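Hello,

Here is the structure I promised to pass on. Please open it alongside this email, and my notes follow below.

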Amino acid sequence: MPRKGFVLAIVLVLAGAWVAVPPHPGASRPGRAEQQGTFADLGDFVWYDTNHNGIQEAGEPGVAWVTVNLYRNHDCAGAPSAAADTDVAGAFMFTALPPGAYCMRFPLRFQWVFSPQNQGLSEALDSDADPATRIIRDITLETSNVDQDVGMYAVGAILGSVWCDADDNGAFENGEQVAGIAIGLWRDADCDLIPDFQLATATSNDQGVYAFPDLYIAPPGEVTCYVAAVADNPVGICTETVGDDRHAIPLTPASPLVWNADFLFVPADIPPIFLPLLCGGS
Ligand SMILES: [Ca+2]
Ligand SMILES: [Ca+2]
Ligand SMILES: [Ca+2]
Ligand SMILES: [Ca+2]
């Protein structure tokens, strides 16, 4: 034990002496400005491309809390070397990077798509990620580059099915879906539950399911309102609706999909006054 302590003391003394000696006597450390010249920043914007054209325009806000992964190669191979989140204004920045090859990967959000790449004539206003891969590849950083931006937007969808309680047992069971029923879709521009203009018509399929895909959704913070209504009545032998024959449906970027906008029908009730006649009673 004493011998080990002695050796350690020697090492520490030698190490201290080595640290105390300047590596290059007489040489000065590089200045701060000189250091800054060798590093660069990379960013800097993810925005909600309201009109889906791949160009940043007035009124199109940033998208907050998008995690951007940075890779030190041209094609986002391997593990990321750093990550940054966009702020509330959609801005992000990787700072003080050494020059070289970089790639950035952006995450997929449910029911969101990326804008078309390299639209228009301005590198400062376009979207730089490939919509298929969600990466910006082949970035060669020599000086700071803050024009690597990405546009994205939510796509809405409304689905539902049409049912007829054909066996009149008070329940909707598999097999009671009705095909060939027309459903209309309207925009409710002021969200007052009153339809304002019709957009489309869909027809229920063999499983009774109808769908309106690819619906516009306004930026985060706003609500885009739709109304879906069944146009056909009666539905098979069912002539009475259960509940509403129209649905008011608000969609947002965080809640872009409604899959249960169903329409339920039952056979008409027979008025009690006629029941004795139908049953042969007196
Ligand atoms: Ca745009
Ligand atoms: Ca750009
Ligand atoms: Ca039934
Ligand atoms: Ca309205």
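Two strands are said to pair here if DSSP finds at least two bridges between them. Strand β10 (residues 182-187) and β13 are joined by five bridges and run antiparallel. Please keep in mind that this is a predicted model.

Strand β13 (residues 224-230) is largely enclosed by the rest of the structure, because six of its seven residues are buried.

F212 belongs to strand β12 (residues 209-215). Leaving aside residues up to four places away in sequence, F212 touches A157, I158, L185, A200 and A202. With A157, 55 residues away along the chain, the C-alpha separation is 5.6 Å.

Finally, a word on confidence. The chain has an average pLDDT of 86, and 82% of the residues score at least 70. Over residues 272-282, though, pLDDT is below 50, and this stretch has three contacts in the model beyond near neighbours in sequence. Residues 1-36 stay under 50 too, with one contact beyond four places in sequence. Where pLDDT is low, the predicted coordinates should not be read in detail.

Best wishes

How values were computed: Residues are numbered from 1 along each chain as its sequence is written. Chains are lettered from A and ligands numbered from 1 in the order in which they are written. This is a predicted model: local features need pLDDT of at least 70, side-chain atom pairs count only at pLDDT 80 or more; totals for chains, interfaces and linings use all residues. Helices (H or I, at least four residues) and strands (E, at least two) are DSSP runs, numbered from the N terminus. Two residues are in contact if their C-beta atoms, placed from the backbone, lie within 7 Å. A residue is buried if 20 or more other C-beta atoms lie within 10 Å of its own, exposed if 12 or fewer, and partly exposed in between; C-beta atoms are placed from the backbone. pLDDT is the predictor's confidence in each residue, from 0 to 100.
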